[in-house]
Amino acid sequence: MTSSRTVGVIGAGPAGLTAAYDLARQGVQVEVFEAGAKVGGMAGSFPLWGQMVDYGPHRFFSTDDRVNRVWREVIGDEYDMVDRLTRIYYRRTFFDYPLKALNALKGLGLVEAFRCVGSYGWQRLFPDKDESTFEGWVSNRFGKRLFSIFFKSYSEKLWGISCRDLDADFAAQRIKRFSLSEAIKTALLGARTVRHKTLVDQFAYPVGGSGDLYDTMARRLRDAGGRLHLSTPVRRVTFDADGRPRIELPSGEVRPFDHVISSMPLTALVAGLNPPAEVAACAARLRYRNTILAYLEIEGTGLFPDQWIYVHSPDLRTGRITNFRNWVPSLCGKSPNSIVCLEYWCNDDDALWSTADGDIAALARREMAATGLTGGAPILNAHIVRVGKSYPVYGHGYRQNLAPVEAFLSGFPRLHAIGRYGAFKYNNQDHSILMGVLAAENIMAATEGAAPRHDLWLVNTDTDYQEAARVTDTGLEKTTG
Ligand SMILES: Cc1cc2nc3c(=O)[nH]c(=O)nc-3n(C[C@H](O)[C@H](O)[C@H](O)COP(=O)(O)OP(=O)(O)OC[C@H]3O[C@@H](n4cnc5c(N)ncnc54)[C@H](O)[C@@H]3O)c2cc1C
(Lines give C-alpha, C1' and ligand atoms only; values in the text may rest on other atoms or scores of the structure.)
Protein backbone atom coordinates (compact mmCIF):
# COMPACT_ATOMS: atom_id res chain seq x y z
CA MET A 1 0.00 0.00 0.00
CA THR A 2 2.77 2.39 0.95
CA SER A 3 5.21 1.09 -1.68
CA SER A 4 3.96 3.62 -4.21
CA ARG A 5 5.22 6.38 -1.90
CA THR A 6 8.64 7.76 -2.62
CA VAL A 7 10.91 9.67 -0.28
CA GLY A 8 14.20 11.36 -1.13
CA VAL A 9 16.62 11.88 1.76
CA ILE A 10 19.47 14.38 1.70
CA GLY A 11 22.41 13.31 3.86
CA ALA A 12 23.34 9.92 5.35
CA GLY A 13 24.32 11.14 8.82
CA PRO A 14 22.44 9.93 11.91
CA ALA A 15 19.33 12.01 11.11
CA GLY A 16 18.87 11.23 7.42
CA LEU A 17 19.97 7.62 7.65
CA THR A 18 17.65 6.85 10.58
CA ALA A 19 14.67 8.34 8.72
CA ALA A 20 15.55 6.37 5.57
CA TYR A 21 16.07 3.14 7.54
CA ASP A 22 12.72 3.48 9.33
CA LEU A 23 10.80 4.29 6.14
CA ALA A 24 12.40 1.57 4.01
CA ARG A 25 11.49 -1.03 6.61
CA GLN A 26 7.87 0.11 6.35
CA GLY A 27 7.79 -0.46 2.61
CA VAL A 28 8.39 3.10 1.44
CA GLN A 29 10.64 3.57 -1.61
CA VAL A 30 13.58 5.54 -0.22
CA GLU A 31 16.53 7.07 -2.00
CA VAL A 32 19.36 8.67 -0.03
CA PHE A 33 21.77 11.20 -1.54
CA GLU A 34 24.98 11.64 0.45
CA ALA A 35 27.63 14.20 -0.50
CA GLY A 36 30.45 12.28 1.17
CA ALA A 37 32.05 9.00 0.22
CA LYS A 38 30.69 7.21 3.29
CA VAL A 39 27.79 7.25 5.72
CA GLY A 40 27.60 8.44 9.34
CA GLY A 41 28.25 12.14 8.77
CA MET A 42 30.05 13.70 11.71
CA ALA A 43 29.33 10.57 13.75
CA GLY A 44 31.19 8.27 11.34
CA SER A 45 34.50 6.49 12.01
CA PHE A 46 37.55 5.89 9.84
CA PRO A 47 40.75 3.83 9.95
CA LEU A 48 43.99 5.59 10.86
CA TRP A 49 47.46 4.09 11.48
CA GLY A 50 46.00 0.61 12.00
CA GLN A 51 43.30 1.76 14.45
CA MET A 52 39.74 3.13 14.18
CA VAL A 53 38.94 6.70 15.20
CA ASP A 54 35.90 9.00 15.32
CA TYR A 55 35.60 12.68 14.48
CA GLY A 56 36.47 13.73 18.03
CA PRO A 57 34.77 12.03 20.97
CA HIS A 58 31.42 10.37 20.20
CA ARG A 59 29.70 9.09 23.28
CA PHE A 60 26.17 7.87 22.57
CA PHE A 61 23.60 8.38 25.27
CA SER A 62 19.83 8.67 25.37
CA THR A 63 16.97 8.20 27.79
CA ASP A 64 14.45 8.15 24.93
CA ASP A 65 12.99 4.69 24.27
CA ARG A 66 12.47 5.41 20.58
CA VAL A 67 16.13 6.31 20.13
CA ASN A 68 17.38 3.39 22.18
CA ARG A 69 15.14 1.01 20.22
CA VAL A 70 16.86 2.04 16.98
CA TRP A 71 20.31 1.87 18.54
CA ARG A 72 19.82 -1.60 20.06
CA GLU A 73 18.03 -2.97 17.00
CA VAL A 74 20.87 -1.94 14.71
CA ILE A 75 23.93 -2.61 16.86
CA GLY A 76 22.67 -5.82 18.50
CA ASP A 77 25.36 -7.09 20.86
CA GLU A 78 28.20 -5.40 19.03
CA TYR A 79 28.93 -2.87 21.75
CA ASP A 80 30.81 -2.55 25.01
CA MET A 81 30.11 -0.48 28.09
CA VAL A 82 32.77 2.15 28.72
CA ASP A 83 33.53 3.45 32.21
CA ARG A 84 33.45 7.13 31.61
CA LEU A 85 36.24 9.42 32.73
CA THR A 86 36.34 12.97 31.42
CA ARG A 87 38.07 15.82 33.17
CA ILE A 88 38.83 19.49 32.76
CA TYR A 89 42.45 20.51 32.31
CA TYR A 90 43.15 24.00 33.61
CA ARG A 91 46.66 25.34 34.10
CA ARG A 92 48.21 21.88 34.64
CA THR A 93 45.53 20.81 37.13
CA PHE A 94 42.73 18.32 36.47
CA PHE A 95 39.17 18.89 37.63
CA ASP A 96 36.24 16.48 37.49
CA TYR A 97 33.82 16.94 34.64
CA PRO A 98 30.96 17.46 35.09
CA LEU A 99 32.12 19.84 37.80
CA LYS A 100 31.96 18.71 41.39
CA ALA A 101 31.96 21.52 43.90
CA LEU A 102 34.41 20.21 46.45
CA ASN A 103 36.77 18.84 43.81
CA ALA A 104 36.78 22.18 41.97
CA LEU A 105 37.31 24.25 45.08
CA LYS A 106 40.03 21.90 46.35
CA GLY A 107 41.86 21.98 43.01
CA LEU A 108 41.85 25.77 42.99
CA GLY A 109 43.49 26.04 46.40
CA LEU A 110 42.18 27.62 49.59
CA VAL A 111 42.57 31.27 48.66
CA GLU A 112 40.98 30.94 45.22
CA ALA A 113 38.23 28.69 46.66
CA PHE A 114 37.27 31.41 49.16
CA ARG A 115 37.25 33.98 46.39
CA CYS A 116 34.95 31.75 44.32
CA VAL A 117 32.50 31.13 47.14
CA GLY A 118 32.56 34.85 47.99
CA SER A 119 31.93 35.72 44.37
CA TYR A 120 29.00 33.28 44.30
CA GLY A 121 27.53 34.85 47.46
CA TRP A 122 27.87 38.29 45.90
CA GLN A 123 26.16 37.07 42.76
CA ARG A 124 23.25 35.68 44.82
CA LEU A 125 22.80 39.11 46.38
CA PHE A 126 23.30 41.04 43.17
CA PRO A 127 22.46 38.71 40.28
CA ASP A 128 22.93 39.62 36.62
CA LYS A 129 19.59 40.99 35.48
CA ASP A 130 19.96 39.57 31.99
CA GLU A 131 19.84 35.78 32.12
CA SER A 132 19.30 35.50 28.38
CA THR A 133 23.07 35.49 27.78
CA PHE A 134 25.40 32.59 28.58
CA GLU A 135 27.42 34.81 30.89
CA GLY A 136 24.40 35.99 32.88
CA TRP A 137 22.89 32.51 33.11
CA VAL A 138 26.06 30.78 34.31
CA SER A 139 27.26 33.62 36.57
CA ASN A 140 23.97 33.59 38.48
CA ARG A 141 24.43 29.89 39.18
CA PHE A 142 28.17 29.71 39.85
CA GLY A 143 29.38 33.26 40.52
CA LYS A 144 31.61 35.34 38.25
CA ARG A 145 34.88 33.83 39.41
CA LEU A 146 33.97 30.20 38.77
CA PHE A 147 32.34 31.32 35.53
CA SER A 148 35.57 32.85 34.31
CA ILE A 149 37.65 29.77 35.29
CA PHE A 150 35.38 26.93 34.20
CA PHE A 151 33.08 28.32 31.52
CA LYS A 152 34.46 31.45 29.87
CA SER A 153 37.68 30.36 28.17
CA TYR A 154 36.35 27.02 26.90
CA SER A 155 33.10 28.52 25.62
CA GLU A 156 34.87 31.38 23.89
CA LYS A 157 37.30 28.95 22.23
CA LEU A 158 34.37 26.83 21.06
CA TRP A 159 32.06 29.57 19.83
CA GLY A 160 34.53 32.30 18.92
CA ILE A 161 32.33 34.98 20.48
CA SER A 162 32.17 36.63 23.89
CA CYS A 163 29.98 34.80 26.43
CA ARG A 164 27.92 37.99 26.59
CA ASP A 165 27.01 37.40 22.93
CA LEU A 166 26.25 33.71 23.43
CA ASP A 167 22.64 32.69 24.03
CA ALA A 168 21.70 31.13 27.36
CA ASP A 169 20.10 28.28 25.37
CA PHE A 170 23.53 26.70 25.11
CA ALA A 171 23.94 26.62 28.89
CA ALA A 172 20.37 25.62 29.62
CA GLN A 173 20.75 22.67 27.23
CA ARG A 174 23.94 21.38 28.79
CA ILE A 175 23.94 22.25 32.50
CA LYS A 176 20.28 22.46 33.36
CA ARG A 177 19.22 23.16 36.96
CA PHE A 178 22.77 22.91 38.23
CA SER A 179 24.32 25.52 40.48
CA LEU A 180 27.12 25.90 42.98
CA SER A 181 24.73 25.50 45.91
CA GLU A 182 23.29 22.33 44.41
CA ALA A 183 26.76 21.04 43.65
CA ILE A 184 27.82 21.59 47.26
CA LYS A 185 24.62 19.88 48.43
CA THR A 186 25.43 16.92 46.19
CA ALA A 187 28.94 16.74 47.57
CA LEU A 188 27.83 16.90 51.18
CA LEU A 189 24.71 14.74 51.06
CA GLY A 190 25.83 12.19 48.47
CA ALA A 191 24.34 11.56 45.05
CA ARG A 192 21.47 9.39 46.25
CA THR A 193 19.63 12.19 47.99
CA VAL A 194 19.91 14.67 45.15
CA ARG A 195 17.97 14.03 41.99
CA HIS A 196 20.12 15.56 39.25
CA LYS A 197 23.12 13.32 39.14
CA THR A 198 25.33 14.92 36.55
CA LEU A 199 27.82 12.23 35.80
CA VAL A 200 26.77 9.48 33.47
CA ASP A 201 29.12 6.84 34.77
CA GLN A 202 29.05 4.48 31.82
CA PHE A 203 28.05 4.63 28.21
CA ALA A 204 27.47 2.09 25.48
CA TYR A 205 29.84 2.31 22.52
CA PRO A 206 29.92 0.20 19.31
CA VAL A 207 32.93 -2.14 19.15
CA GLY A 208 33.89 -0.82 15.71
CA GLY A 209 33.59 2.87 16.59
CA SER A 210 30.72 5.34 16.59
CA GLY A 211 30.29 4.93 12.83
CA ASP A 212 29.68 1.18 13.15
CA LEU A 213 26.05 1.98 13.94
CA TYR A 214 25.58 3.88 10.70
CA ASP A 215 27.50 1.40 8.50
CA THR A 216 25.19 -1.34 9.79
CA MET A 217 22.14 0.86 9.33
CA ALA A 218 23.14 1.54 5.74
CA ARG A 219 23.46 -2.20 5.05
CA ARG A 220 20.02 -2.83 6.55
CA LEU A 221 18.58 0.06 4.53
CA ARG A 222 19.86 -1.52 1.33
CA ASP A 223 18.59 -4.96 2.44
CA ALA A 224 15.15 -3.38 2.88
CA GLY A 225 15.25 -2.07 -0.71
CA GLY A 226 16.43 1.47 0.01
CA ARG A 227 18.87 3.06 -2.43
CA LEU A 228 21.94 4.93 -1.22
CA HIS A 229 23.95 7.18 -3.51
CA LEU A 230 27.34 8.12 -2.04
CA SER A 231 29.46 11.02 -3.33
CA THR A 232 26.23 12.55 -4.64
CA PRO A 233 25.72 16.07 -3.28
CA VAL A 234 22.29 17.65 -3.70
CA ARG A 235 22.38 21.11 -5.22
CA ARG A 236 18.91 22.20 -4.11
CA VAL A 237 15.28 21.27 -3.60
CA THR A 238 12.59 22.66 -5.90
CA PHE A 239 8.85 22.07 -6.23
CA ASP A 240 6.61 21.25 -9.17
CA ALA A 241 3.32 23.04 -9.83
CA ASP A 242 1.48 20.59 -7.52
CA GLY A 243 3.82 21.27 -4.60
CA ARG A 244 5.70 17.98 -4.98
CA PRO A 245 9.38 18.28 -4.05
CA ARG A 246 12.25 17.54 -6.43
CA ILE A 247 15.88 16.96 -5.68
CA GLU A 248 18.27 18.65 -8.08
CA LEU A 249 21.75 17.17 -8.53
CA PRO A 250 24.82 19.10 -9.71
CA SER A 251 24.51 17.40 -13.13
CA GLY A 252 21.19 19.22 -13.51
CA GLU A 253 19.27 15.95 -13.16
CA VAL A 254 16.00 16.47 -11.28
CA ARG A 255 14.40 13.66 -9.23
CA PRO A 256 10.75 14.00 -8.09
CA PHE A 257 9.55 12.50 -4.76
CA ASP A 258 6.37 12.53 -2.69
CA HIS A 259 8.39 13.80 0.28
CA VAL A 260 11.94 15.04 0.79
CA ILE A 261 13.82 14.88 4.09
CA SER A 262 16.76 17.25 4.23
CA SER A 263 19.69 17.14 6.63
CA MET A 264 21.91 19.39 4.47
CA PRO A 265 22.80 22.74 6.09
CA LEU A 266 19.60 24.66 6.73
CA THR A 267 21.06 27.85 5.31
CA ALA A 268 21.92 26.13 2.01
CA LEU A 269 18.49 24.47 1.80
CA VAL A 270 16.71 27.80 2.30
CA ALA A 271 18.94 29.67 -0.14
CA GLY A 272 18.01 27.14 -2.85
CA LEU A 273 14.28 27.73 -2.30
CA ASN A 274 14.38 31.40 -3.37
CA PRO A 275 12.90 32.68 -0.10
CA PRO A 276 11.46 36.18 0.42
CA ALA A 277 14.16 38.78 1.11
CA GLU A 278 13.47 39.00 4.85
CA VAL A 279 13.73 35.21 5.27
CA ALA A 280 16.93 35.16 3.21
CA ALA A 281 18.36 37.90 5.43
CA CYS A 282 17.48 35.97 8.62
CA ALA A 283 18.97 32.75 7.23
CA ALA A 284 22.15 34.59 6.28
CA ARG A 285 22.53 35.70 9.90
CA LEU A 286 22.59 32.08 11.13
CA ARG A 287 26.24 31.19 11.65
CA TYR A 288 28.07 27.89 11.87
CA ARG A 289 31.42 27.16 13.46
CA ASN A 290 33.99 24.78 11.95
CA THR A 291 36.16 22.15 13.64
CA ILE A 292 39.71 21.18 12.76
CA LEU A 293 40.71 17.79 14.13
CA ALA A 294 44.43 17.19 14.60
CA TYR A 295 45.14 13.47 15.13
CA LEU A 296 48.52 12.56 16.61
CA GLU A 297 49.99 9.08 16.90
CA ILE A 298 52.06 8.88 20.08
CA GLU A 299 54.38 6.05 20.96
CA GLY A 300 53.15 3.71 23.68
CA THR A 301 50.03 3.65 25.79
CA GLY A 302 48.90 4.91 29.21
CA LEU A 303 49.23 8.63 28.42
CA PHE A 304 46.18 9.60 30.51
CA PRO A 305 43.08 7.63 31.55
CA ASP A 306 40.29 9.91 30.23
CA GLN A 307 38.26 9.29 27.06
CA TRP A 308 38.56 13.01 26.52
CA ILE A 309 39.75 16.11 28.35
CA TYR A 310 38.30 19.62 28.13
CA VAL A 311 41.17 22.08 27.85
CA HIS A 312 40.21 25.27 29.67
CA SER A 313 43.73 26.72 29.92
CA PRO A 314 43.53 30.00 27.98
CA ASP A 315 47.18 29.69 26.87
CA LEU A 316 46.35 26.61 24.75
CA ARG A 317 44.32 27.02 21.59
CA THR A 318 42.96 23.49 21.54
CA GLY A 319 39.68 23.02 23.40
CA ARG A 320 39.44 19.25 23.78
CA ILE A 321 41.74 16.24 23.55
CA THR A 322 40.39 12.74 22.90
CA ASN A 323 42.40 9.62 23.70
CA PHE A 324 41.02 6.76 21.57
CA ARG A 325 43.06 4.24 23.54
CA ASN A 326 40.55 4.62 26.40
CA TRP A 327 37.32 3.77 24.57
CA VAL A 328 37.11 0.07 23.67
CA PRO A 329 40.11 -2.22 22.99
CA SER A 330 38.67 -3.31 19.63
CA LEU A 331 39.35 0.18 18.20
CA CYS A 332 43.10 -0.19 18.63
CA GLY A 333 43.76 -3.43 16.74
CA LYS A 334 47.33 -4.62 17.26
CA SER A 335 48.81 -1.14 17.45
CA PRO A 336 51.18 -0.55 20.39
CA ASN A 337 50.60 3.22 20.14
CA SER A 338 48.00 5.79 21.17
CA ILE A 339 46.02 8.11 18.94
CA VAL A 340 44.90 11.41 20.41
CA CYS A 341 42.81 14.06 18.67
CA LEU A 342 43.08 17.77 19.43
CA GLU A 343 40.12 19.95 18.46
CA TYR A 344 40.43 23.49 17.14
CA TRP A 345 37.37 25.58 16.35
CA CYS A 346 37.20 28.46 13.90
CA ASN A 347 35.03 30.42 11.46
CA ASP A 348 35.25 30.27 7.68
CA ASP A 349 37.09 33.59 7.61
CA ASP A 350 39.54 32.83 10.46
CA ALA A 351 43.16 32.41 9.37
CA LEU A 352 43.27 28.98 11.03
CA TRP A 353 40.64 27.54 8.65
CA SER A 354 42.93 28.21 5.68
CA THR A 355 46.18 27.36 7.46
CA ALA A 356 48.10 24.51 5.80
CA ASP A 357 47.77 21.04 7.33
CA GLY A 358 51.49 20.92 8.14
CA ASP A 359 51.29 24.12 10.21
CA ILE A 360 48.22 22.89 12.11
CA ALA A 361 50.00 19.59 12.78
CA ALA A 362 53.00 21.54 14.15
CA LEU A 363 50.69 23.57 16.41
CA ALA A 364 49.02 20.39 17.70
CA ARG A 365 52.39 18.72 18.37
CA ARG A 366 53.57 21.80 20.29
CA GLU A 367 50.38 22.07 22.34
CA MET A 368 50.25 18.33 23.09
CA ALA A 369 53.81 18.47 24.39
CA ALA A 370 53.01 21.63 26.40
CA THR A 371 50.20 19.88 28.31
CA GLY A 372 52.74 17.45 29.72
CA LEU A 373 50.32 14.62 28.91
CA THR A 374 52.70 12.78 26.57
CA GLY A 375 55.22 12.20 29.36
CA GLY A 376 57.91 12.92 26.74
CA ALA A 377 56.83 10.03 24.47
CA PRO A 378 57.65 10.67 20.80
CA ILE A 379 54.86 11.91 18.51
CA LEU A 380 55.15 9.67 15.46
CA ASN A 381 52.56 10.98 13.01
CA ALA A 382 49.99 13.70 12.45
CA HIS A 383 46.80 13.80 10.37
CA ILE A 384 44.44 16.75 9.91
CA VAL A 385 40.68 16.57 9.20
CA ARG A 386 38.42 19.59 8.64
CA VAL A 387 34.74 19.43 9.52
CA GLY A 388 32.84 22.44 8.17
CA LYS A 389 29.68 23.79 9.82
CA SER A 390 30.08 21.41 12.74
CA TYR A 391 28.39 23.67 15.32
CA PRO A 392 25.29 25.85 14.84
CA VAL A 393 26.18 29.01 16.76
CA TYR A 394 23.58 29.93 19.35
CA GLY A 395 24.51 33.61 19.20
CA HIS A 396 22.47 35.83 21.50
CA GLY A 397 18.98 36.19 20.00
CA TYR A 398 19.59 33.59 17.23
CA ARG A 399 16.00 32.40 17.67
CA GLN A 400 14.77 35.67 16.15
CA ASN A 401 16.57 34.69 12.96
CA LEU A 402 15.62 31.03 13.12
CA ALA A 403 11.89 31.57 13.70
CA PRO A 404 11.12 33.20 10.30
CA VAL A 405 13.14 30.46 8.59
CA GLU A 406 11.13 27.77 10.41
CA ALA A 407 7.88 29.55 9.51
CA PHE A 408 8.93 29.76 5.86
CA LEU A 409 9.80 26.04 5.70
CA SER A 410 6.57 25.11 7.45
CA GLY A 411 4.86 26.32 4.27
CA PHE A 412 6.27 23.23 2.49
CA PRO A 413 4.50 20.26 4.13
CA ARG A 414 6.31 17.75 1.90
CA LEU A 415 9.76 19.00 2.89
CA HIS A 416 11.14 17.96 6.29
CA ALA A 417 14.30 19.67 7.62
CA ILE A 418 16.07 17.64 10.31
CA GLY A 419 19.52 17.21 11.87
CA ARG A 420 22.25 19.25 13.47
CA TYR A 421 23.09 21.69 10.72
CA GLY A 422 19.96 20.53 8.89
CA ALA A 423 17.63 22.09 11.46
CA PHE A 424 20.15 24.40 13.14
CA LYS A 425 19.95 22.56 16.44
CA TYR A 426 22.91 21.80 18.70
CA ASN A 427 22.15 18.07 18.38
CA ASN A 428 23.99 15.09 19.68
CA GLN A 429 23.51 11.82 17.81
CA ASP A 430 20.48 10.93 19.88
CA HIS A 431 18.65 14.14 18.98
CA SER A 432 19.38 13.61 15.29
CA ILE A 433 18.27 9.96 15.47
CA LEU A 434 15.07 11.10 17.18
CA MET A 435 14.45 13.69 14.47
CA GLY A 436 14.86 10.93 11.87
CA VAL A 437 12.37 8.68 13.67
CA LEU A 438 9.82 11.49 14.01
CA ALA A 439 10.21 12.65 10.41
CA ALA A 440 9.52 9.08 9.29
CA GLU A 441 6.42 8.97 11.53
CA ASN A 442 5.16 12.26 10.06
CA ILE A 443 5.56 10.91 6.54
CA MET A 444 3.81 7.65 7.41
CA ALA A 445 0.96 9.71 8.86
CA ALA A 446 0.81 11.77 5.67
CA THR A 447 0.60 8.63 3.52
CA GLU A 448 -2.52 7.74 5.50
CA GLY A 449 -3.93 11.22 4.99
CA ALA A 450 -3.37 12.19 8.64
CA ALA A 451 -1.86 15.41 9.97
CA PRO A 452 1.81 15.37 11.05
CA ARG A 453 2.22 13.87 14.52
CA HIS A 454 5.25 15.84 15.57
CA ASP A 455 6.57 19.37 15.29
CA LEU A 456 10.18 18.58 14.37
CA TRP A 457 11.33 22.09 15.25
CA LEU A 458 10.63 21.32 18.90
CA VAL A 459 13.08 18.41 19.16
CA ASN A 460 16.06 19.36 21.33
CA THR A 461 14.57 22.67 22.42
CA ASP A 462 13.10 21.55 25.73
CA THR A 463 16.54 21.98 27.32
CA ASP A 464 16.11 18.75 29.27
CA TYR A 465 19.61 17.57 28.54
CA GLN A 466 20.37 13.99 29.35
CA GLU A 467 23.69 14.55 31.06
CA ALA A 468 21.50 14.59 34.17
CA ALA A 469 20.37 10.97 33.98
CA ARG A 470 22.02 7.70 34.81
CA VAL A 471 22.99 5.07 32.33
CA THR A 472 20.73 2.56 34.08
CA ASP A 473 17.77 4.54 32.76
CA THR A 474 18.70 3.93 29.15
CA GLY A 475 18.04 0.23 28.89
CA LEU A 476 21.40 0.02 27.14
CA GLU A 477 23.23 -2.13 29.65
CA LYS A 478 24.12 -5.62 28.57
CA THR A 479 22.01 -8.16 30.38
CA THR A 480 23.87 -11.04 31.91
CA GLY A 481 22.81 -14.60 31.17
C1 LIG B 1 33.90 17.13 17.41
C2 LIG B 1 32.52 16.60 17.63
C3 LIG B 1 32.23 15.84 18.76
C4 LIG B 1 30.95 15.31 18.97
N5 LIG B 1 30.72 14.56 20.07
C6 LIG B 1 29.52 13.94 20.21
C7 LIG B 1 29.28 13.05 21.29
O8 LIG B 1 30.12 12.82 22.14
N9 LIG B 1 28.07 12.44 21.35
C10 LIG B 1 27.10 12.64 20.42
O11 LIG B 1 26.05 12.00 20.49
N12 LIG B 1 27.29 13.51 19.40
C13 LIG B 1 28.46 14.15 19.28
N14 LIG B 1 28.67 15.03 18.23
C15 LIG B 1 27.53 15.39 17.39
C16 LIG B 1 27.19 14.37 16.32
O17 LIG B 1 28.30 14.17 15.48
C18 LIG B 1 26.03 14.94 15.53
O19 LIG B 1 24.96 15.21 16.42
C20 LIG B 1 25.49 14.04 14.46
O21 LIG B 1 26.48 13.59 13.59
C22 LIG B 1 24.45 14.83 13.68
O23 LIG B 1 23.86 14.02 12.73
P24 LIG B 1 23.14 14.70 11.49
O25 LIG B 1 22.65 13.60 10.63
O26 LIG B 1 22.17 15.68 12.01
O27 LIG B 1 24.27 15.54 10.76
P28 LIG B 1 25.64 15.09 10.12
O29 LIG B 1 26.30 14.05 10.93
O30 LIG B 1 26.37 16.36 9.88
O31 LIG B 1 25.22 14.44 8.74
C32 LIG B 1 24.77 15.23 7.67
C33 LIG B 1 25.14 14.52 6.37
O34 LIG B 1 24.62 15.29 5.28
C35 LIG B 1 25.58 15.29 4.24
N36 LIG B 1 25.33 16.46 3.39
C37 LIG B 1 25.52 17.76 3.68
N38 LIG B 1 25.16 18.53 2.65
C39 LIG B 1 24.72 17.69 1.68
C40 LIG B 1 24.21 17.89 0.37
N41 LIG B 1 24.09 19.10 -0.16
N42 LIG B 1 23.85 16.80 -0.33
C43 LIG B 1 23.96 15.53 0.18
N44 LIG B 1 24.45 15.30 1.42
C45 LIG B 1 24.82 16.36 2.16
C46 LIG B 1 26.90 15.33 4.96
O47 LIG B 1 27.96 14.87 4.14
C48 LIG B 1 26.64 14.43 6.17
O49 LIG B 1 26.99 13.09 5.90
C50 LIG B 1 29.93 15.59 18.03
C51 LIG B 1 30.21 16.35 16.90
C52 LIG B 1 31.48 16.87 16.70
C53 LIG B 1 31.75 17.71 15.48
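**Entry 1: F424**

I began with F424, which is buried at a relative accessible area of 0%. I take buried as under 20% relative accessible area, exposed as over 50% and partly exposed as in between, with a 1.4 Å probe and protein chains only. F424 sits in the loop between β19 (415-417) and α14. Its phi is positive, about 55°, although F424 is not a glycine. Most residues other than glycine have a negative phi.

**Entry 2: basis of the record**

I note that this is a predicted model, in which local features need pLDDT of at least 70 and side-chain atom pairs count only at pLDDT 80 or more, while totals for chains, interfaces and linings use all residues. Residues are numbered from 1 along each chain as its sequence is written, and side-chain values use heavy atoms, with hydrogens and water left out.

**Entry 3: the whole chain**

I found 14 helices and 19 strands in the protein chain. Helices (H or I, at least four residues) and strands (E, at least two) are DSSP runs, numbered from the N terminus. The C-alpha trace spans about 70 × 55 × 50 Å along its principal axes. For 481 residues a compact globule would have a radius of gyration near 23 Å, and the protein chain agrees with this at 23 Å. That radius is taken over C-alpha atoms, and the globule rule is 2.2 Å times the number of residues to the power 0.38.

Of the 481 residues, 58% count as buried. I also looked up contacts, meaning heavy atoms within 4.5 Å. Among those between residues at least 6 apart in sequence, 73% join residues at least 24 apart.

**Entry 4: helix α2 and its partners**

I first examined α2 (residues 65-75) with α14 (residues 429-447): their axes come within 9 Å and cross at roughly 95°. This makes α2 roughly perpendicular to α14, a term for angles of 65 to 115 degrees. The axes are lines fitted to C-alpha atoms, for helices over the stretch in contact, and the angles run from 0 to 180 degrees between N-to-C directions. R66, V67, R69 and V70 of α2 make the contact with D430, I433, L434, V437 and L438 of α14. By class I count six nonpolar, no polar and three charged residues there. Nonpolar covers Ala, Val, Leu, Ile, Met, Phe, Trp, Tyr, Cys and Pro; charged covers Asp, Glu, Lys and Arg; the others, Gly among them, are polar.

I then turned to α9 (residues 212-223), which packs on α2 at about 80° with the axes 9 Å apart. These two helices are therefore roughly perpendicular to each other. V70, W71, E73, V74 and I75 in α2 meet D212, L213, T216, M217 and R220 in α9. The classes in this contact are six nonpolar, one polar and three charged.

**Entry 5: helix α5**

Nine of the nine residues of α5 (residues 134-142) are buried, so the helix is largely enclosed by the rest of the structure. Among them are F134, W137 and R141. Just after α5, I noted G143 with a positive phi of about 85°.

**Entry 6: R91 and T93**

R91 lies in the loop between β6 (86-90) and β7 (93-96). R91 has a positive phi of about 45° and is not a glycine. T93 belongs to strand β7 and is partly exposed, with a relative accessible area of 28%. Leaving aside residues up to four places away in sequence, T93 touches I88 and G107. I also looked up T93 and I292, which are 199 residues apart in sequence and 25 Å apart in space, C-alpha to C-alpha.

How values were computed: Angles under 35 degrees count as roughly parallel, over 145 as roughly antiparallel, 65 to 115 as roughly perpendicular and the rest as oblique.
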